[in-house]
Amino acid sequence: MQLLIAGLVELIGIFWAISYTTQIKLSIKRILFYILLSMGPAIVLLQFVGQWQGIIYLIISSFTYFYWLSKSFLTLIHICFVLIFGVITDNLSQYVMTALPNILPGNLEHLCIFTLLFVVSIIIYQHSTRKIYNLIGEIKVAYMLILFIALVTMGTFYINLYLTDYLSKQNLLKFNIITQITYFAIMLFVLYFTIVTIKKENHYRKVEFETAQYTEYMHSLELINNDMQKFRHDHANILVTMQGYIEIEDFDGLKTYFKKHIFSAEEDTIKRNMRLANLANLKITGIKGLILTKTLQAEKEGISVHIEIPDEIEELSMNVIDISRILGIFLDNAIEANIENNENKEIDIAIFHSMSGSTLIIIENTISDNSIMINQIFDEGYSTKGKNRGTGLSTVKSILKNYPNVMLNTDVNNGVFTQIIEVTKSEGIR
Amino acid sequence: MKVVICEDNPQQQKMLYNRLRNYAMINHPSVEFVLVASHSAEVLSYLEDHKADCYFLDINLGDGRNGLELASEIRKHDPIASIIFVTDYSEALKLTFKYKVAALDFIIKRTEESFTDELIEAFVSSITRYEQLGQNKVTNFFQIKMGELIKNIPYENIYYFETSEDFHKIRLSEKNGVFEFYGKLKEIEEMHSSFFRCHKSMVINLQNVVEINKKEKYVELANGVRCPISIRALRNIQHKVNEHLVND
């Protein structure tokens with residue numbers, strides 16, 4: 001009789017916990033169905049056939065029933081955790097009982113402590129994991145993994161709890177060793193699988209990013225090519241015009257025409273070729289595309305951009321996405337600072353290897369007002385609760401937190417603002 | 001001060017040498033022109049067993065080895081000598097010169113007068129630098145190395161040093177910028193009498209403290225940044241600040 005009551009209390013507890021964690025609304029009809037299909041047969045099995053047969057029936061029928069009700073994968077995970085907590089709190093309450101003085105008769109006290117612990121742990125579980133599940137969102141692989149881990153853990157717990165009763169002491173030891181090793185091996189496999197998945201995901205993200213950058217780069221090249229073609233067309237016109245001046249022997253006119261049109265046109269072409277030639281040394285396509293795109297954007301604003309890449313740059317000990325984001329922010333800031341400027345619009349970009357083998361990336365631009373820029377930077381110093389002024393610098397800082405091999409120096413001097421990134425070689429960070 | 005000139009164009013070489021020598025003879029007679037070369041190889045062989053304090057280099061040396069490479073070689077032998085580039089190349093590698101070989105200056109050969117002025121100006125700054133190095137004035141600065149360029153930051157400009165959570169990176173915040181380097185706060189704390197460890201991960205410069213708020217436990221610096229202060233440091237800071245004011 002006492003066993004029956006205990007079993008009933010545990011079943012009700014579990015039923016409540018499942019409905020509470022899965023947030024399934026329960027009508028009387030549903031409860032009756034559950035008792036009829038799952039609890040009733042389980043109790044019969046527990047009483048007349050054996051403990052573990054009953055438990056297995058209960059688990060499988062609960063899984064099916066609640067899954068059918070909610071049609072949600074998460075339900076299965078919740079049930080697993082509820083059952084795991086059931087085992088843990090059951091053991092815990094037995095331990096607590098030995099520590100407390102006997103007030104109530106043995107079984108009743110156990111039941112009370114168990115109920116209390118179980119309810120508290122389920123409420124804690126529900127509140128602490130809600131955020132985690134929100135974070136995971138739609139990633140199916142993650143749910144599969146969590147369910148797998150929960151199932152294996154739950155299985156191991158129950159096997160340990162109920163099957164061991166049937167074994168002799170000698171066999172028990174063997175059995176324990178086997179379950180422990182199996183459990184450990186499965187967990188290692190899960191870990192391996194997780195790492196592989198993350199790696200794949202990262203690789204995919206990188207390739208996607210590089211493709212986007214490459215497309216943009218091609219687009220920039222096209223623009224430059226169009227410019228060149230236009231120039232070639234102009235070239236023919238220029239020759240014809242010059243011929244006109246020569247024929248009527250207007251040499252003064254020719255002189256001014258030459259200075260005004262040809263010289264400046266040639267200068268533009270030389271500049272453009274120069275820029276492409278300078279970028280040729282940069283072998284990292286992602287960054288190359290970004291710099292070219294931003295250069296064209298800056299020139300549209302009337303800013304003269306000057307690129308120095310004297311050394312071949314093939315590799316950086318940084319993730320391409322991270323360095324591109326940082327350079328993007330810095331170049332945007334440089335362009336923005338120059339737009340406010342009236343004269344002397346200039347951006348200098350340099351990438352080269354230092355003598356100690358590190359790589360330096362420098363972005364320098366003129367600014368109109370020393371003090372404004374300084375405040376913007378210092379206002380969001382890393383320790384203070386300063387506000388983010390939208391310069392993106394906090395993003396840069398949070399990216400660089402992952403790179404012990406990268407130093408960022410910011411210098412403001414005589415109306416010149418300089419960002420210097422020094423990347424030293426490092427193993428292990430990609 | 002020993003000066004080396006390397007320029008492949010004979011006329012320009014002569015002009016360069018004459019201008020510099022004329023200026024030095026009147027103003028700084030101790031300046032000595034130890035080598036006037038037209039090939040980088042001459043400079044390299046000179047470097048094998050001699051040293052100079054100031055180099056004037058043409059960027060596009062005709063023998064294929066450009067000025068940048070030559071400057072790198074010089075830097076390998078001598079990290080502090082002044083290097084001044086002379087170039088007729090308008091797309092000069094300004095930043096590269098500055099940070100890669102710590103060039104003191106570079107002068108573009110434009111019109112006659114402005115060229116001479118710039119040349120003499122650069123020459124004077126190299127002489128001043130040479131004298132400062134001799135008097136060891138650099139001890140009043142905190143030095144940061146960026147590439148090969150050494151930046152001297154006057155102590156009074158420094159606001160604070162701070163460590164990042166997980167690495168040995170230290171971030172220095174000063175009047176004109178923010179810089180990062182590898183180091184230990186403990187060593188920095190002992191570097192100057194006005195440096196004060198206000199917190200496990202922070203050393204502030206007492207010269208730039210504007211306010212100490214004991215109630216909310218922070219120190220406000222001249223740039224408006226509020227640094228948290230530990231209870232133990234709070235007990236010492238007032239005393240330290242007073243002591244510092246007396247000393248000044």
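Colleague: Let's start with the contact. How many residues does it take from chain A and from chain B?

Modeller: The model is a predicted one. In it, the contact takes 43 residues from chain A and 43 residues from chain B.

Colleague: And what area is buried between chain A and chain B?

Modeller: About 3,500 Å², with carbon and sulfur atoms giving 56% of that.

Colleague: How many salt bridges are there between chain A and chain B?

Modeller: The count is two. In a salt bridge between the chains, the side chain of Lys151(B) meets that of Asp411(A), at 3.4 Å from N to O.

Colleague: How many residue pairs are in polar contact across the interface of chain A and chain B?

Modeller: Twelve residue pairs, counting those with both residues at pLDDT 80 or more.

Colleague: Which elements of chain A supply at least two residues of the side that touches chain B?

Modeller: Strand 1 (304-308), strand 2 (346-353), strand 3 (359-366), strand 4 (406-413) and strand 5 (416-423) each do, and so do helix 8 (251-279), helix 11 (370-378) and helix 12 (393-400).

Colleague: Which one gives the largest share?

Modeller: Strand 4 of chain A, with eight residues.

Colleague: How do the residues on that side of chain A divide into nonpolar, polar and charged?

Modeller: 20 are nonpolar, 13 polar and ten charged.

Colleague: Back to strand 4 of chain A. Which strand of chain B does it pair with?

Modeller: Strand 10 of chain B, residues 177-182. The two pair in the antiparallel sense over two bridges. Asp411(A) stands opposite Gly177(B) there, and Asp411(A) also takes part in the salt bridge with Lys151(B).

Colleague: What stands opposite Gly177(B) within chain B?

Modeller: Glu174(B) does. Strand 9 of chain B and strand 10 of chain B pair in the antiparallel sense over six bridges, and a hairpin joins them through two residues.

Colleague: How many bridges join strand 8 of chain B to strand 9 of chain B?

Modeller: Five, and those two strands run antiparallel, with strand 8 covering residues 158-163. Glu174(B) turns up again here, as the bridge partner of Ile158(B).

Colleague: Which residues point which way from strand 9 of chain B?

Modeller: Lys169(B), Arg171(B) and Ser173(B) point one way, while Ile170(B), Leu172(B) and Glu174(B) point the other way, and all are buried.

Colleague: New topic, chain A as a whole. How many helices and strands does its secondary structure come to?

Modeller: Twelve helices and five strands. Chain A has 430 residues, of which 40% count as buried. Among its contacts between residues at least 6 apart in sequence, 68% join residues at least 24 apart.

Colleague: Last one, Ile43(A). Where does it lie?

Modeller: In helix 2 of chain A, residues 28-48.

Colleague: What is the relative accessible area of Ile43(A)?

Modeller: It's 21%, which makes Ile43(A) partly exposed, given that buried means under 20%.

Colleague: What does Ile43(A) touch, leaving out residues up to four places away in sequence?

Modeller: Leu4(A), Leu8(A) and Leu11(A). As for Leu58(A), it is 15 residues from Ile43(A) in sequence and 8.7 Å away in space, C-alpha to C-alpha.

Conventions
Residues are numbered from 1 along each chain as its sequence is written. Chains are lettered from A and ligands numbered from 1 in the order in which they are written. This is a predicted model: local features need pLDDT of at least 70, side-chain atom pairs count only at pLDDT 80 or more; totals for chains, interfaces and linings use all residues. Side-chain values use heavy atoms; hydrogens and water are left out. Contact means heavy atoms within 4.5 Å. Buried area is the accessible area (1.4 Å probe) that two parts lose on being put together, summed over both. A salt bridge is a side-chain nitrogen of Lys or Arg within 4 Å of a carboxyl oxygen of Asp or Glu. A polar contact is a pair of N or O atoms within 3.5 Å; within protein, one must be able to donate a hydrogen and the other to accept it, and residues adjacent in sequence count only if both atoms are side-chain atoms. Helices (H or I, at least four residues) and strands (E, at least two) are DSSP runs, numbered from the N terminus. Ala, Val, Leu, Ile, Met, Phe, Trp, Tyr, Cys and Pro count as nonpolar, Asp, Glu, Lys and Arg as charged, and the others, Gly among them, as polar. Two strands pair if DSSP finds at least two bridges between them. Buried means under 20% relative accessible area, exposed over 50%, partly exposed in between (1.4 Å probe, protein chains only).
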